[in-house]
Amino acid sequence: MSLLYRMLQQSFFYDKKILVVDKAPKNTNDHTWCFWESKTGVFEQIVHHQWKNVHFYSNYFSGLLDLTPYAYKMIRSIDLYGFVMDEAAKYGNVTFLYGNVTAVSTEGERAVLLIDSKRYKAHHIFNSILFEKYKVPDGKHHLLQHFKGLVIETDTPVFNETVATLMDFRVSQKNVTTFMYVLPVANNRALVEYTLFTEKLLQPHEYTAALQEYIQEVLEIKSYKVVEEEFGIIPMTNIHFNKQQGRVINLGTAGGNTKPSTGYTFQFIQKQCDEIIEGLINGQSLLKKTFSQKKFHWYDSVLLNVLSNNRMAGDLIFSKMFQKNKPHQVLKFLDNETNLAEDIKIITSLPTLPFLKAGLQEIIQ
């Protein structure tokens with residue numbers, strides 16, 4: 001959806017036939033995307049809510065963080081779907097098709113798409129589907145970021161909708177890195193989400209129990225109703241995902257756009273959209289990999305090494321990072337936008353030994 005909208009804003013694509021394929025029409029609010037941004041973004045008009053100030057809680061450090069110049073933003077999927085569909089309706093070269101996509105490939109100078117056993121050919125296919133379960137080679141790391149969220153409403157005002165909770169580690173860490181976040185969108189309505197970085201999923205009732213306990217004991221909300229639920233699983237891994245296979249360009253997680261150390265994807269997809277559009281317009285390679293991208297991939301690999309091998313607890317890592325650095329510098333670092341001097345300041349704020357061991361291991365393996 002992001003790439004389609006970005007293409008429609010470029011006159012280069014006005015005479016190109018665009019076929020958008022999905023399994024079914026997008027008419028429900030099935031996802032919530034959250035990200036930070038320092039400026040007015042492409043999708044600013046559909047931002048559901050945003051916060052300039054966020055709480056961070058842990059047993060090591062707690063504080064109210066001013067994110068300026070960033071804002072933490074929320075977009076609901078139903079709003080994004082409707083926004084892009086309305087824009088696409090203005091153009092006669094866009095067609096939507098619903099069906100089961102079973103394969104994508106390249107044959108000669110054309111990309112081939114298989115939908116319910118029917119073949120379609122195109123100049124390029126932009127694919128976000130992981131068709132096969134990927135394998136994790138020796139020496140690579142893999143965790144799952146999995147979460148359950150509840151949108152709750154109360155009869156009386158209990159939230160300050162101008163302040164969110166970005167991370168609250170004051171929950172059991174028996175499952176390693178575990179935290180809650182709370183995103184109030186009104187004084188009586190908020191998304192409360194339970195998030196874990198682990199190798200295996202929990203049983204369904206465990207997510208629910210943790211959320212209920214947090215809402216009642218920490219937020220001290222005894223009476224509320226659940227108006228929406230969401231559940232998600234995001235891979236946190238430093239394995240290689242092919243960004244392009246012939247005429248097939250992979251997007252999102254399938255194209256390696258999920259940041260391995262945090263699971264954030266939305267803004268990295270927007271950066272990939274910029275690269276794709278620039279490449280198509282100027283006839284440039286879409287497989288460029290800069291020094292900066294290689295640098296941050298190594299940083300991500302080191303952090304995954306630390307977490308996967310229990311060299312240091314995740315709550316302590318993030319506590320040190322936010323305690324010893326300005327919040328906007330941490331967000332800039334996690335957005336892969338810091339320079340080397342800024343990187344060093346973040347890195348040296350963390351305990352040396354566990355990261356040194358992990359860093360050396362990532363170099364030699």
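## Strand 4 and its two faces

Strand 4 covers residues 53–57, and its side chains alternate. V54 and F56 point to one face and are buried (under 20% relative accessible area; exposed is over 50%, and partly exposed lies in between, with a 1.4 Å probe and protein chains only). Strands here are DSSP runs of E with at least two residues, helices are runs of H or I with at least four, and both are numbered from the N terminus.

This is a predicted model, where local features need pLDDT of at least 70 and side-chain atom pairs count only at pLDDT 80 or more, while totals for chains, interfaces and linings use all residues. Residues are numbered from 1 along each chain as its sequence is written, and side-chain values use heavy atoms, leaving out hydrogens and water.

## Neighbours of strand 4

Strand 4 pairs with strand 5 (residues 63–66) in the antiparallel sense, over four bridges. Two strands pair if DSSP finds at least two bridges between them. N53 stands opposite D66 in strand 5. The two strands form a hairpin, with five residues between them.

Strand 4 also pairs with strand 13 (residues 163–168). Here the sense is parallel, over five bridges.

## Strand 15, largely enclosed

Strand 15 spans residues 189–198. Nine of its 10 residues are buried, so the rest of the structure largely encloses this strand.

Strand 12 (residues 142–153) runs antiparallel to strand 15, joined by 10 bridges. F147 has T195 in strand 15 as its bridge partner. Strand 14 (residues 177–186) pairs with strand 15 as well, antiparallel over nine bridges. A hairpin of two residues links strand 14 to strand 15.

## Cysteines without a disulfide

The structure holds zero disulfides (a disulfide is a pair of cysteine sulfur atoms within 2.5 Å). For C34, the nearest cysteine sulfur is that of C273, 19 Å away. C34 is buried, with a relative accessible area of 11%. C273 is buried too, at 1%.

## K324 in helix 6

K324 lies in helix 6 (residues 314–324). K324 is partly exposed, at 47% relative accessible area. K324 touches K345 and S349, leaving aside residues up to four places away in sequence. Such a contact means heavy atoms within 4.5 Å. R170 is 154 residues from K324 in sequence, and the two C-alpha atoms are 20 Å apart.
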